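Please look over the structure shown here and then read the briefing that follows, which is arranged by topic.

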Amino acid sequence: MGSHPLQGSSPCSASSGRGAIPWEAKGHHTTMTESSKPILYSYFRSSCSWRVRIALALKGIDYETIPVNLIKDQGQQFSEEFQALNPMKQVPALKIDGITISQSLAIIEFLEETRPTPRLLPKDPKKRAQVRMISDTIASGIQPLQNLSVLKQVGQENQLAWAQKVIHTGFNALEQILRNTAGKYCVGDEVSMADLCLVPQVANAERFKVDLTPYPTISRINKTLLALEAFQVSHPCRQPDTPPELRA
Amino acid sequence: MQAGKPILYSYFRSSCSWRVRIALALKGIDYETIPVNLIKDQGQQLAIIEFLEETRPTPRLLPKDPKKRAQVRMISDTIASGIQPLQNLSVLKQVGQENQLAWAQKVIHTGFNALEQILRNTAGKYCVGDEVSMADLCLVPQVANAERFKVDLTPYPTISRINKTLLALEAFQVSHPCRQPDTPPELRA
């Protein structure tokens, strides 16, 4: 799905010297036509990026990946060029149809509105509200509280405990919600935006060694989703910027 | 099928509740308030606003054009995921009382730095063009939070201008924290 960087361990570079990301010469005035491939700025391990990668895979949208390494070079997201693209200095950002969108759920909703099949939101407004509620619970209520910049601020010795607490609190709520809404997937029996948020957050939980025993519904749904192709091709272990030791 | 007035569980000072109150006011939806002292559920407010938009579509809170809709959602999410949760009550409790103000100010400055840049590209009279949208519903309560945390807003002229314009609208006034059923007497307008 994504193109591979030219070579080597650092992201591919068309510009000289910086070992940096191949920015276009002009930030604002894109020379892209509507027919060229979308470009996703992504970090292999970013759960927010993974949400969008799943959406693109599910909808069969071919795209290019430009990796943004959140750790290397003191964080490539802080470069002037990337900041011009996304002032929040976060991944993902998607260049598509002549615009650049940041915020993973805004991107997914745009994809849903412009490439409506297969659907990522149910037809019924009440079910749509459930999908969005679950998505928001994860994307506003859990993930931001354990993202890289917050963890940096709480300090290294506190990070693990902080992240675990945030995830436990969030998953306690989510498990209860899902017991009401879930069928095979988060809401009924169709894959939705909520599922795109769930799987990457469970991966985060595992990285922070959160015990998932109290969350059988979350675990079951996660397992079912991971068997689907779109969740596999988009997985952090299979990205252009996945380090060799973590590659599937 | 509709069984009577919608019920909103709301805390007068919660910026998340305020966003929804503005939406209900703009759409002319009569509702009952059940005051709650602490909003536990974070970040579900945008789902409520999107539901209101889909079931009571006028006046609109999201533009027609998908690209403008994306801008509205991007701005809303920047606030609702990128700023507000990082300075909410439970996080502030965890950072400890002596650190709270500095933490909140830092979170808001970082977010507003980004937002100011974004708005310079998208804003007309309001956050996106010249129609009030969900982004505006997120902006005003977040500016109120910033003021509560004594954040200097001088670096953010676009945010300030839009905020001022919005506060003059009736829906933003009737929904204001100082005019709620649970507003304490000393804070009442």
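Is Glu54(B) buried, partly exposed or exposed? With a relative accessible area of 29%, Glu54(B) is partly exposed, where buried means under 20% relative accessible area, exposed means over 50% and partly exposed lies in between, taken with a 1.4 Å probe and protein chains only. This is a predicted model, in which local features need pLDDT of at least 70 and side-chain atom pairs count only at pLDDT 80 or more, while totals for chains, interfaces and linings use all residues. Residues are numbered from 1 along each chain as its sequence is written, chains are lettered from A and ligands numbered from 1 in the order in which they are written, and side-chain values use heavy atoms, with hydrogens and water left out.

**Confidence in chain A**
- The mean pLDDT of chain A is 89, and 86% of its residues reach 70 or more, pLDDT being the predictor's confidence in each residue on a range from 0 to 100.
- Residues 1-19 of chain A have pLDDT below 50, and this stretch has 33 contacts in the model beyond near neighbours in sequence, a contact meaning heavy atoms within 4.5 Å.
- Residues 24-34 of chain A also have pLDDT below 50, with 11 contacts in the model beyond near neighbours in sequence.

**Fold and surface of chain A**
- Chain A contains nine helices and four strands, which follow the order β-α-β-α-β-β-α-α-α-α-α-α-α from the N terminus; helices (H or I, at least four residues) and strands (E, at least two) are DSSP runs, numbered from the N terminus.
- Of the 248 residues of chain A, 55% count as buried, and among contacts between residues at least 6 apart in sequence, 66% join residues at least 24 apart.
- Chain A exposes about 11,200 Å², of which carbon and sulfur atoms supply 51%; accessible areas come from the Shrake-Rupley method with a 1.4 Å probe, and for residues only the protein chains shown count as cover.
- An unreviewed UniProt entry annotates residues 124-244 of chain A as "domain: GST C-terminal", with positions given in the numbering used here, feature names shortened, and annotations that may be inferred rather than shown by experiment.
- That span, residues 124-244 of chain A, is 63% helix and 0% strand, and its end C-alpha atoms lie 44 Å apart.

**Salt bridges between the chains**
- The whole structure holds 15 salt bridges over all chains, each defined as a side-chain nitrogen of Lys or Arg within 4 Å of a carboxyl oxygen of Asp or Glu.
- Glu54(B) pairs with Arg128(A) in one of these salt bridges, with the closest N and O atoms 2.8 Å apart.
- This pair crosses between chains, from helix H2 (residues 45-55) of chain B to helix H4 (residues 125-139) of chain A.
- Arg128(A) counts as buried because its relative accessibility is 16%.
- Both residues belong to a network of salt bridges that also links Glu109(A), Glu113(A), Arg132(A), Glu50(B), Arg69(B) and Arg73(B).

**Salt bridges within chain B**
- Lys5(B) and Asp30(B) form a salt bridge whose closest N and O atoms are 3.6 Å apart.
- Lys5(B) is partly exposed at 45% relative accessible area, whereas Asp30(B) counts as exposed at 51%.
- Arg120(B) forms a salt bridge with Glu116(B), the closest N and O atoms being 2.9 Å apart; these residues are separated by about one helical turn because they lie four residues apart in helix H5 (residues 100-122) of chain B.
- Arg120(B) counts as exposed at 55% relative accessibility, whereas Glu116(B) counts as buried at 3%.
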